[in-house]
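Let us walk through this structure together, with the sequence beside you. Please have both in view before reading on.

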Amino acid sequence: MVAYQTVPAEWTVEALHQARRADIVTFASPSAVRNWAQNVGKPDIAVVIGDTSGAEARRFDFPVVHSPPPGGPGGMKPWADLIQKVAEAWQPLCGKQEAL
């Protein structure tokens, strides 16, 4: 019996076009990182849920990888807070970033 199986997303031409325009991409699993890297490439900024997703993003040489601090409570809340913090710091219209 298979309890869990990862199935890669299918990418349409339009979905790939939209994905390549993203400045910040969030990942909740290493398989999502792999799927993105293999189909879309490297995002400008990745925000990952934890250590294993972060390690996978670094393995694919993503240029900027943010993850919640180690030893914290883990889960969705710290990740959502980090996503918000990164998004607020990113200012693509001004062509600059604030230091995190």
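Predicted model: local features only at pLDDT ≥ 70, side-chain atom pairs only at ≥ 80, totals over all residues.

Is Ala-9 buried, partly exposed or exposed? Ala-9 is partly exposed, because its relative accessible area is 45%; here buried means under 20% relative accessible area, exposed over 50%, and partly exposed in between, with a 1.4 Å probe and protein chains only.

Residues are numbered from 1 along each chain as its sequence is written, and side-chain values use heavy atoms, with hydrogens and water left out.

The protein chain holds four helices and five strands. Helices (H or I, at least four residues) and strands (E, at least two) are DSSP runs, numbered from the N terminus. Read from the N terminus, the order of elements is α-β-α-β-α-β-α-β-β. The C-alpha trace spans about 50 × 40 × 20 Å along its principal axes, and buried residues make up 30% of the 100 residues. Take the contacts (heavy atoms within 4.5 Å) between residues at least 6 apart in sequence: 36% of them join residues at least 24 apart.

Now find helix α2, residues 30–39. Its buried residues are Ser-31, Val-33, Asn-35, Trp-36 and Ala-37, and they pack against α1 (13–20), β1 (24–27) and α3. Asn-35 counts as buried because its relative accessibility is 12%. Beyond its neighbours within four places in sequence, Asn-35 is in contact with Pro-8, Ala-9, Trp-11 and Val-40. After α2 comes Gly-41, with a positive phi near 115°.

How do two helices sit against each other? Two packed helices are described by the angle between their axes and the distance between the axes. For α2 and α3 (residues 51–59), the angle is about 20° and the axes are 8 Å apart. Axes are lines fitted to C-alpha atoms, for helices over the stretch in contact, and angles run from 0 to 180 degrees between N-to-C directions. The two helices are therefore roughly parallel; angles under 35 degrees count as roughly parallel, over 145 as roughly antiparallel, 65 to 115 as roughly perpendicular and the rest as oblique. The contact involves Pro-30, Val-33 and Arg-34 of α2, together with Thr-52, Ser-53, Glu-56, Ala-57 and Arg-59 of α3.

Asp-61 lies in the loop between α3 and β3 (65–66). Asp-61 has a positive phi of about 60° although it is not a glycine, and its relative accessible area of 53% makes it exposed. Ala-9 and Asp-61 are 52 residues apart in sequence and 21 Å apart in space, C-alpha to C-alpha.

Finally, turn to helix α4. Pro-78, Trp-79, Leu-82, Val-86 and Ala-89 are the buried residues of α4. Seen down the axis of α4, they fall within an arc of 95°, so they line one face of the helix; the arc is that of the directions from the helix axis to the C-beta atoms. The face turned away from that buried side carries the exposed residues Met-76, Lys-77 and Glu-88.
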